[in-house]
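Here are my notes on the model you sent over. Have it open beside you as you go through the points.

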Amino acid sequence: MVGDSALGSGIGGSITTEGVGKVVDSMTSHCKLGADSVVCDLGAGIGRPLLQMAVSIAPRVTFGIELDELNAGVRYGGVLNSVLKHPILGSRLASASLPYVQQGDFTLCKPPLACFKSGLLVTHVYSFCAGMPQGTMGGIGNLISMSPCIKGFALVMHHSHNILKTLHEFGFPNTISLVDSIIVRQCGSGAQYRAYVFSR
Ligand SMILES: C[S@@+](CC[C@H](N)C(=O)[O-])C[C@H]1O[C@@H](n2cnc3c(N)ncnc32)[C@H](O)[C@@H]1O
């Protein structure tokens, strides 16, 4: 499937547009996600959630970090072009600041997490990190712990009976609060995941 990663770890693909919409609504209500936000998708794939956020709420900056060169390059470019050509979404996207996907390994990023192009500090993080190994989850926890401007983040994962305990074991800070837990489905497979939304 497009969006699968040859090099990356964890699960490929995206959750549905409806699922991303629910996550965006929740982060807007609970975590002050909005037009002033600097949003980063850790493991951005081919950029679908980033483009959906740009089209729906037009954050100040929307960018992603993606391990797989093809996803970050030609595949993202193809999806971006098709959204730009869309009669309705295209004009919305053209008036937003264009999202971009930087090829790289986010576990190697030096905190605090900042936009590569503008240097602005990230305020909101999204990651479909189901199945990513412990070290990679630790990398997300470290970036969130060490990034003072992060107000909220959403993690799409397998259901966990005690998500806060799980995340603390991965090195996430103790100062996070779980504000929402949303059932979401993967595009294509229909597999069910949870989008856990946290504020800080
Ligand atoms: C489940 S996909 C989600 C893609 C996108 N966020 C979406 O929802 O459409 C996870 C992505 O994370 C990428 N990934 C895994 N580990 C990574 C790392 N350490 N640094 C950057 N990207 C990573 C994979 O290559 C894959 O494209």
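**Notes on the fold around one cysteine**

1. Let's start with Cys 129: leaving aside neighbours within four places in sequence, its contacts are Gly 10, Gly 43, Met 137, Ile 140, Leu 155, Val 156 and Met 157. Contact here takes C-beta atoms, placed from the backbone, within 7 Å.

2. Some housekeeping. This is a predicted model, where local features need pLDDT of at least 70, side-chain atom pairs count only at pLDDT 80 or more, and totals for chains, interfaces and linings use all residues. Residues are numbered from 1 along each chain as its sequence is written.

3. Cys 129 also turns up in the largest nonpolar core, which has 56 residues; Cys 129 is listed there among those with the most contacts, along with Cys 40, Val 125, Ala 154, Val 156 and Val 197. Such a core is a set of buried Ala, Val, Leu, Ile, Met, Phe, Trp, Tyr and Cys residues joined through C-beta atoms within 7 Å. (Buried is 20 or more other C-beta atoms within 10 Å of a residue's own, exposed is 12 or fewer, partly exposed is in between, with C-beta atoms placed from the backbone.)

4. Which of its residues are buried? They are Thr 136, Met 137, Gly 139, Ile 140, Leu 143 and Ile 144. Seen down the axis of H5, these fall within an arc of 150 degrees, so they line one face of the helix; the arc is that of the directions from the helix axis to the C-beta atoms. Gln 134 and Gly 135 are exposed on the face turned away from that buried side. The cover over the buried residues includes strands E1 (38-42), E4 (124-128) and E5 (152-157).

5. E5 is worth a look too: 6 of its 6 residues are buried. Gly 152, Ala 154 and Val 156 point one way, while Phe 153, Leu 155 and Met 157 point the other.

6. On pairing (at least two DSSP bridges between two strands), E4 and E5 are parallel over 5 bridges, and Tyr 126 has Ala 154 in E5 as its bridge partner. On E5's pairing with E7 (residues 192-199), there are 6 bridges and the strands run antiparallel; Val 156 stands opposite Ala 195 there.

7. Finally, Thr 175 sits in the loop between helix H6 (163-169) and strand E6 (177-185). Thr 175 is exposed, with 10 other C-beta atoms within 10 Å.

Terms used: Helix = DSSP H or I, 4+ residues; strand = E, 2+ residues; numbered from the N terminus. Contact = placed C-beta atoms within 7 Å.
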